[in-house]
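Hi everyone, thanks for coming along today. Please bring up the model on your screens, and we'll walk through it together.

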Amino acid sequence: MWQTGSVTDFPFKNNVPDPLLSGKELPTFKFALEQSRGKVMGGSFGKEATVEQLPISKGIAGVSMRLEPGVTRELHWHATAAEWAFVLEGRVRTTVVDPFGGSEINEFEPGDIWYFPRGHAHSLACLGDKPCHFILIFDNGYFSEFGTFSITDWLGHASKKLLAKNFGQPASTFDGFPAEEAYFVRGQVPPQDANPIQGALSLPPETHKFRLLAQEPHSIHKFGREWRVGANRFPISQTITGVILDLDPGGLRELHWHPNADEWQYVIDGEFSVTLFGSHGRYRIETLAKGDVAYIPQGYGHSIENIGSKAGRMLIGLNTGTYQAIDLSQWIASVPASVLADHFGKPQVVFETFPKERAFISPPDGQGQRNIK
Ligand code: MN
Ligand code: MN
């Protein structure tokens, strides 16, 4: 046991103990996001997981948002977080303006992602006659989607005189403007052509859109596959790496950790067992179903296993633009068998049949072919 207050007090990052993570037991790291109520307007909703709903999730917050046809998540910005999104259903049109005068209007389909750096102004409109549903990830667990800076809120609190001067209009122009934040704006289904007031836009140097599932998976295994994108292929996404992980029944994303990032998980489909290792004998298991989220603190060991009877799909966000991971099979493979024999009190020969390379996704019985590509 380490003595509290001694110089060997390892659990304390920067010598400041995080009360939530320095106890004898690990706290829950799961939240049933889709079972929460959130903010509702008719058939549109926003449900969030911040440190309030999931106290462990200090580095990342997430939102599930559904918009009915004709509804727009109003023009706004976030003072304390960048926004990353994955479209699950329907079509979305975004507008975004950056601080350098660049602006973009993009359309998204299922499998596409967007990234808005912190402070970039944006709006999200449902396109067409079907609702849309997307998952938002923010690189700050203290960030609340319901605490954003919205255009109706601002204009509703500035004087008409000030607005008249600002926009070169008579003050009466602003009669009847909303006095409070609209948040969800109801309107007509947006026209096919999106023509901004200024005419042609000056495009930003880096696009805010990436078609993640339109790409080939970056790795394919016998019992699963993974799409992954960070700043390498989606340069604007400096603070988020996004992953879609498919696991077939029994497939296991092996024991690993991320040296440089926290991890946020959302179950798109299927049933998973997620294990968390927190050092000092602390170990916790959560079972996740469709619509649940989970959070893995930076550096904590974890694994993800499909325990259902059908294919499972998980959305994963890491709060870094540069993916890093150490997988246990690769760690074991990189040290001499004699070292392992001494650690575990077993003959060397036991370790000679361990994988010679990273497993990444292991098959149900742990045997046989693992990697296809
Ligand atoms: Mn936003
Ligand atoms: Mn991971």
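Predicted model: local features only at pLDDT ≥ 70, side-chain atom pairs only at ≥ 80, totals over all residues.

Residues are numbered from 1 along each chain as its sequence is written, chains are lettered from A and ligands numbered from 1 in the order in which they are written, and side-chain values use heavy atoms, with hydrogens and water left out.

Distant parts of the chain are linked here, since His-76 sits in strand β5 (residues 71-77) and His-122 in strand β10 (residues 121-127), 46 residues apart. Strands are DSSP runs of E with at least two residues, numbered from the N terminus. Both His-76 and His-122 are buried, and buried means under 20% relative accessible area, exposed over 50%, partly exposed in between, using a 1.4 Å probe and protein chains only.

Now look at the manganese ion (ligand 2). His-256 (NE2), His-258 (NE2), Glu-263 (OE) and His-302 (NE2) coordinate this ion at 2.0 to 2.2 Å. The spacing of its donors is H-x1-H-x4-E-x38-H. Here His-256 in strand β18 (residues 252-257) and His-302 in strand β23 (residues 301-306) link distant parts of the chain, 46 residues apart. His-256 is buried, as is His-302.

On to the sheets. One open sheet has seven strands in the order β2-β3-β4-β11-β6-β9-β14, with antiparallel pairing. Two strands pair if DSSP finds at least two bridges between them. At the edges are β2 (39-41) and β14 (209-210), each with a single partner strand, so one side of each has no neighbour in the sheet. Inside this order, β3 (residues 44-49) and β4 (residues 61-67) pair in the antiparallel sense over five bridges, and Gly-46 has Met-65 in β4 as its bridge partner.

Another open sheet of seven strands runs β1-β22-β19-β24-β17-β16-β15, again with antiparallel pairing. Which strands stand at its edges? They are β1 (30-31) and β15 (219-221); each has a single partner strand, so one side of each is left without a neighbour in the sheet. Strands β16 (residues 224-229) and β17 (residues 241-247) pair over six bridges in the antiparallel sense, with Gly-224 opposite Leu-247 in β17.

Next, the rings. How many aromatic pairs does a search of the whole structure find? The count is 14. Rings of Phe, Tyr and Trp (its six-membered ring) pair if their centres lie within 6.5 Å; planes under 30 degrees apart count as stacked, over 60 as edge-to-face and the rest as tilted. Phe-351 and Phe-354 have ring centres 5.3 Å apart and planes at 50°, so this pair is tilted. Phe-351 is buried at 10% relative accessible area, while Phe-354 is partly exposed at 34%.

Last stop: Ile-326, in strand β25 (residues 326-327), is partly exposed, with a relative accessible area of 33%.

Conventions. Helix = DSSP H or I, 4+ residues; strand = E, 2+ residues; numbered from the N terminus. Donors = N, O, S within 2.8 Å, 3.2 Å for Na, K, Ca; no water.
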